[in-house]
Number of protein chains: 2
Amino acid sequence: MSFSPLLQQLIQALRCLPGVGPKSAQRMALHLLERDRQAALSLAQSLQEACERVGQCQSCRTLSEEPICALCADEQRDHSLLCVLESPVDMLAVEQTGGYQGVYFVLGGHLSPIDGIGPEDLGIRQLLQRLQQGEIRELILATNPTVEGEATAHYILEQIEDPHLKVSRIAHGVPVGGELEFVDGGTLAHALAGRRSLRKEIS
Amino acid sequence: MSFSPLLQQLIQALRCLPGVGPKSAQRMALHLLERDRQAALSLAQSLQEACERVGQCQSCRTLSEEPICALCADEQRDHSLLCVLESPVDMLAVEQTGGYQGVYFVLGGHLSPIDGIGPEDLGIRQLLQRLQQGEIRELILATNPTVEGEATAHYILEQIEDPHLKVSRIAHGVPVGGELEFVDGGTLAHALAGRRSLRKEIS
């Protein structure tokens with residue numbers, strides 16, 4: 001014996017969500033059907049609407065239902081400063097610091113030959129075209145500090161033709177509020193190599 | 001800055017799922033839109049179909065899209081043995097033991113005056129009517145071994161008019177494979193009070 005066919009099908013469908021295994025999917029399906037069908041119906045509608053209408057911003061490739069996202073359309077931002085990120089979540093994280101006034105370019109992943117993800121999947125040609133238009137003054141490569149993220153940043157750096165464009169990489173070092181004792185060796189080595197002078201005359 | 005309105009709406013809608021907070025909802029929404037729109041659309045469809053078509057079995061109140069669920073319609077089962085459970089998941093758990101051949105009655109919760117859940121919400125009148133029909137030989141009260149589950153079992157016991165009906169409660173005791181050292185006091189007290197004789201002549 002098991003659940004009825006439609007319930008089985010719903011449990012199976014819920015497993016497409018990341019981090020949801022058979023037990024969680026079962027709990028979710030029963031919760032929705034027993035307690036909150038209204039929410040389940042509005043979730044179904046949101047999923048459908050988002051799938052049909054959310055595409056990519058033509059300028060920065062973030063997820064957006066408008067052809068140009070609100071951030072790219074904002075004339076108050078500094079459009080000469082471009083920050084390259086792996087994902088829309090990273091964009092949210094940078095925005096939440098409140099300290100960045102430039103615009104973004106979202107790759108939507110990192111180079112990963114083993115998964116068949118190459119430069120064309122990450123829109124790197126589009127990025128290079130944008131750099132050639134000459135509006136960008138500085139490019140900040142803010143891919144994740146992982147092997148793949150570093151490789152992706154390095155690849156982009158190599159593709160840039162203009163030798164005078166300022167290109168930077170976000171700093172790697174000890175996290176603010178952390179203790180040296182608990183920082184891994186790689187990070188500590190980066191922190192030492194990237195040390196900054198505290199006295200102007202010495203630097 | 002935040003995500004686009006439709007994306008925000010989807011993240012909010014995903015939070016209706018039990019155990020899903022703002023961060024998980026964000027991760028799920030981005031995963032679906034960036035990687036697996038096909039799965040998202042089929043999830044939307046399953047949700048809608050299940051909400052529209054899955055109701056309660058008229059006989060045992062479990063979730064089913066048929067008026068009578070497959071288990072209640074099965075003539076091979078012993079329809080004189082009725083097991084009362086809190087939820088359809090409990091039904092699945094009992095079925096998976098493979099040792100029960102009777103039928104079920106699903107309350108869909110437990111008595112909880114603080115949440116406004118009374119006997120009428122649990123279908124207790126329907127259960128009593130079924131007992132009055134005289135087909136049931138034994139009633140097994142298998143609500144959860146919690147304060148509310150015990151209270152619900154006790155309430156049902158008090159409502160039964162027929163003094164000759166056999167009514168039992170599932171045994172509470174030490175879990176099979178557990179160690180006494182790690183069993184809580186309440187369970188151990190139940191295990192001692194409910195001890196079973198190993199020799200026929202003494203019992």
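Mentor: Before we start: domain bounds here come from an automatic or database domain assignment. And keep in mind that this is a predicted model.

Trainee: Got it. Which domains does chain A have, then?

Mentor: Chain A splits into domain 1, residues 5-53, and domain 2, which takes in 77-176 + 185-190.

Trainee: How many Å separate the centres of domain 1 and domain 2 of chain A?

Mentor: Going by C-alpha atoms, the two centres are 35 Å apart.

Trainee: What does UniProt place at residues 80-175 of chain A?

Mentor: An unreviewed UniProt entry has "domain: Toprim" there. In the model, residues 80-175 of chain A are 33% helix and 20% strand, with 28 Å between the end C-alpha atoms.

Trainee: And which annotation covers residues 57-72 of chain A?

Mentor: That's "zinc finger region: C4-type", again from an unreviewed UniProt entry. The chain over residues 57-72 is 19% helix and 12% strand, and its end C-alpha atoms lie 8 Å apart.

Trainee: Switching to the two chains. What rotation superposes chain A on chain B?

Mentor: A 180 degrees rotation does it, with 0.1 Å of shift along the axis and an RMSD of 0.1 Å. That's how a two-fold axis relates two copies.

Trainee: Which residue of chain A comes closest to that axis?

Mentor: A:Ala44, whose C-alpha is 2.0 Å from the rotation axis.

Trainee: What about the interface residues of chain A, how many are also interface residues in chain B?

Mentor: 100% of them, so the copies meet through the same surface.

Trainee: Which element gives the largest share of the lining?

Mentor: Helix 7 of chain B, residues 185-193, which supplies four residues.

Trainee: And how do the lining residues divide into nonpolar, polar and charged?

Mentor: Six are polar, four are nonpolar and three are charged.

Note on methods
Residues numbered from 1 in each chain as written. Chains lettered and ligands numbered in written order. Predicted model: local features only at pLDDT ≥ 70, side-chain atom pairs only at ≥ 80, totals over all residues. Heavy atoms only, no water. UniProt positions renumbered as here; feature names shortened; annotations may be inferred. Helix = DSSP H or I, 4+ residues; strand = E, 2+ residues; numbered from the N terminus. Nonpolar A, V, L, I, M, F, W, Y, C, P; charged D, E, K, R; others polar. Least-squares fit on C-alpha atoms with pLDDT ≥ 70 in both. Contact = heavy atoms within 4.5 Å.
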